[in-house]
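Subject: Structure handover and findings

Dear colleague,

Please find below the sequence and structure that I am handing over to you. My notes on the findings follow directly after.

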Amino acid sequence: MTNPLLFLLAALTLVAIPGPNHLYITTRSIGEGRRAGVVSALGVETGTLVHIAAAAAGLSAVVAASATAFGVLRYAGAAYLVFLAYRTLRGRDEPDGLDLRPQPLRRVYLDGVLVNVLNPKVVLFFLAFLPQFVDRDAGAVPVQIAVMGVVLALIGLVSDIVYAVAAGSIGAWLRARPVFRRRQRYATGLVYLGLGAAALFAGPAARRS
């Protein structure tokens, strides 16, 4: 790895910039509570580990180079987010206009994994970012990519959990307000639809989300 300190500074800077993953985790935490937000963060970064393994094995380059493979990933990611929006918006209204029962944490975790694994922007990010810090003279390029990827995932996890905890606190206050409780389902569904649109139009210039 060339200049580990420079890599750490670049990683911290990128993770500090709010992205779609932060928005997804924040939305989940506000809507379903702090535990759901933290579990979503764990799921998202588990998905990051899948991308790291793919990048180290050279699979990410294959996907990015194949218009068909990249298209399949892009449409699958967008479709899954649209599914999450549909599942949220179709919720049954209770007598007070609410249906706020949280999803099981196992499902929340799996949603986080799939949202990140099916995100084509993450594939492009690892192809664009990590190779800049690889020292080919040091050998074992896949190992260098794996190590840097794990470090990035750990930094991302800390950032994600901070967002989840903060949003969970805000969400508890908002959920005590009847107006928010009546409209929460629709706001959450619209966020998922927006993330799905962003995944659908992912292109080569995308950074880590």
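What share of the contacts in the chain with a separation of 6 or more comes from residues 24 or more positions apart? The figure is 84%. Please bear in mind throughout that this is a predicted model.

Overall architecture

The chain contains nine helices and zero strands, so that, in terms of the DSSP runs used to assign elements, the order from the N terminus is α-α-α-α-α-α-α-α-α. Of its 209 residues, 44% are buried. The accessible surface amounts to about 10300 Å², and carbon and sulfur atoms account for 70% of that area.

Helix α3 covers residues 34-57, which is 24 residues. Its span from the first C-alpha to the last is 35 Å, close to the 34 Å expected at 1.5 Å a residue. Just after α3 comes G58, which has a positive phi of about 85°.

Confidence

The mean pLDDT of the chain is 81, with 84% of the residues at 70 or more. Over residues 93-100, however, the pLDDT is below 50, and this stretch has 15 contacts in the model beyond near neighbours in sequence. Residues 204-209 also stay under 50 in pLDDT, and the model gives them 20 contacts beyond four places in sequence. I would ask you to keep both stretches in mind when reading the model.

Salt bridges

How many salt bridges does a search of the whole structure find? The search returns three, and R28, E32, R87 and D111 are linked in a network of them. In general, side chains of opposite charge can pair when their charged atoms come close.

The pair of E32 and R28 has its closest N and O atoms 2.9 Å apart. Both residues belong to helix α2 (residues 20-32), where they are four residues apart, about one turn of the helix. An α-helix has 3.6 residues a turn, so residues three or four places apart point the same way. R28, in contrast, counts as buried because its relative accessibility is 2%.

R28 also forms a salt bridge with D111, and here the closest N and O atoms are 3.0 Å apart. This pair links distant parts of the chain, since D111 lies in helix α6 (residues 105-117) and R28 in helix α2, 83 residues apart. D111 counts as buried, because its relative accessibility is 1%.

D111 forms a further salt bridge with R87, with the closest N and O atoms 2.6 Å apart. R87 is in helix α5 (residues 67-89) and D111 in helix α6, so this pair ties together parts that are 24 residues apart in sequence. Both R87 and D111 are buried.

Nonpolar surface patch

Which residues make the nonpolar surface patch of about 420 Å²? The patch is formed by V82, L89, Y186, L190 and L193. Helices α5 and α9 (178-200) each supply at least two of its residues, and α9 gives the most, with three. L193 is found in helix α9; this residue counts as partly exposed because its relative accessibility is 35%.

With kind regards

Definitions and conventions: Residues are numbered from 1 along each chain as its sequence is written. This is a predicted model: local features need pLDDT of at least 70, side-chain atom pairs count only at pLDDT 80 or more; totals for chains, interfaces and linings use all residues. Side-chain values use heavy atoms; hydrogens and water are left out. A salt bridge is a side-chain nitrogen of Lys or Arg within 4 Å of a carboxyl oxygen of Asp or Glu. Buried means under 20% relative accessible area, exposed over 50%, partly exposed in between (1.4 Å probe, protein chains only). pLDDT is the predictor's confidence in each residue, from 0 to 100. Contact means heavy atoms within 4.5 Å. Accessible areas come from the Shrake-Rupley method with a 1.4 Å probe; for residues, only the protein chains shown count as cover. The expected span of a helix is 1.5 Å times one less than its number of residues. Patches are made of residues with over 30% relative accessible area and no salt bridge: like charges are joined within 9 Å, nonpolar side chains (Val, Leu, Ile, Met, Phe, Trp, Tyr) within 5 Å.
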